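Please have a look at the sequence and the structure first.

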Amino acid sequence: MQPIPANQLLAGLFLAGREPVTAVVTDSRKVSPGCIFVCFAGKNADGHDFAAQALQQGAAYVVVEHSVPGLPEQKTVLCQSSHRAMVRMASNYRTLFSPKVIGVTGSVGKTTTKEFCCAALSAFGETVKTEGNQNNEIGLPNTIFRFSSSTEYAVVEMGMSALGEIERLSRAARPDVGIITSVGTAHLEQLGSRENILKAKLEICAGLPDGAPLVLWAGDECLPCAHLPSRLRPVWFGVSEPLAQVRAENIEPKGEGQRFIIRDEEYGRFEAYIPAAGRHNIHNALAAFTAVTRLGLDPAMAAAALSQYQSTGMRQHIVQHGGVTVIEDCYNANPDSMRAALEMFKDFPAKRRFVLMGDMLSLGPITEQAHEEAGALAARCGVDYLIAYGPAARRAAVTAAAKGIKAMHFDTPEDAAEALATRLAPGDALLAKGSRDMALENILKLYYDSKV
């Protein structure tokens, strides 16, 4: 973080002095002289308990949601929401810099699209990106706080769990181009309807300037029918959709990735290669190419730079273990991403295909139906074995078995790992897919350790 006067950073929150603030931290272990320590009440610890200690260690101010005995009033920023305070400070800090910014949201593919954007933007200059999936009212501000006078480009990811969050994030980040990857059923439990999910994703428009490009997937069920702000310029991408202005043609597998031709109605034809499998990753790459070129950057360079994409975390991370190809796609799952993963896997070269499927969480009333559909899709995609883990995934196993494939359900990681270890053989492939809280990586670790 570049030093900024406290009164400028805390504008709208507190009448502060002009002393320089050098960092904004939410972890008491990272407190340093001149920082602002923001207190959050977490599951395991409450930052308010460390507020006095932070001041003793040199923090310039502490941000609290309730009064804390013993804190000096002139150093205490009392607010209703520490989350809102983080976003406000980020918005204030953002005014110091003028990089070209791409904002990314959507139900599926946000993080992967963000990584493709970063790969392309990095070919043109110094780029800041959201790390991992730090896309909420803490993560996005932390991304903005990494901006400096040398930052030329940035790509920021925006997630949400309620209406209004993406609007606040977008107004703070003030992107030059917006991307909505899709409108799916993730967060259905919190938002209640797909219409509300669409409304939440469209909140990214709030921070875009008049005339800004809004990059949209032409194959989405909701976006082509959505009422888009007339002040923005929609640009549609896709593969075979008639609405698409930027499309992929001549798609061919190449190694563990794909090569294709990008046909852009505005800029022409460009060869591209991405080191990732699956049609959904073609969509993610097209979204990135469209956004980067609408910033005015060279399309041929942008297309070539897509090859520098690197997967993050446990998103389609490919591991070779004992002759078995394991696709670790354990970061998260919902019906749309599960469908994309299974459809990618049906064409994956292997002697036999195994799927380790964990529960898809936060689906509310469609939970049972979604898992039954996932089990049926696994069968249609030619999966040889379905190993289901979690109470909801049991429905997937029952449905898959009824469709004629070998399917079994386990309640413990140890039993699921043993089922994999006793069945997988060299030449096989395994796809692991489930929601984050299912921690499928623990099952994979048990499997790996059993095969050392």
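Predicted model: local features only at pLDDT ≥ 70, side-chain atom pairs only at ≥ 80, totals over all residues.

**A strand with partners on two sides**

Let me begin with a pairing: strand 18, residues 353-358, and strand 21 run parallel and are joined by five bridges, where helices (H or I, at least four residues) and strands (E, at least two) are DSSP runs numbered from the N terminus, and two strands pair if DSSP finds at least two bridges between them. Within this pairing, valine 355 has leucine 431 of strand 21 as its bridge partner.

Residues are numbered from 1 along each chain as its sequence is written, and side-chain values use heavy atoms, with hydrogens and water left out.

Now to the cover around strand 21, which spans residues 429-433: five of its five residues are buried, and buried means under 20% relative accessible area, exposed over 50%, and partly exposed in between, with a 1.4 Å probe and protein chains only. In a regular strand the side chains alternate between the two faces of the sheet. In strand 21 both faces are covered, with Ala429, Leu431 and Lys433 buried on one side and Leu430 and Ala432 buried on the other.

**Two loops with a positive phi**

Alanine 439 counts as buried because its relative accessible area is 18%. Serine 362, in the loop between strand 18 and helix 12 (367-380), also is not a glycine and has a positive phi of about 60°. Is serine 362 buried or partly exposed? Its relative accessibility is 31%, so serine 362 counts as partly exposed.

Valine 64 lies in strand 5, residues 61-64, and it is buried because its relative accessibility is 0%. Leaving aside neighbours within four places in sequence, valine 64 is in contact (heavy atoms within 4.5 Å) with several residues, among them Cys39, His48, Leu71 and Cys79. Its C-alpha atom is separated by 8.9 Å from that of phenylalanine 37, which is 27 residues apart along the chain.

Glutamate 115, for its part, sits in helix 4, residues 110-121, and is buried, with a relative accessible area of 6%. With neighbours within four places in sequence again left aside, glutamate 115 is in contact with Lys129, Thr130, Tyr309, Gln310 and Thr312.

**The whole chain**

Stepping back, the protein has 15 helices and 21 strands, and 58% of its 452 residues are buried. Among contacts with a separation of 6 or more, 61% are between residues 24 or more positions apart. The C-alpha atoms fill a box of roughly 70 × 50 × 40 Å, taken along the principal axes.
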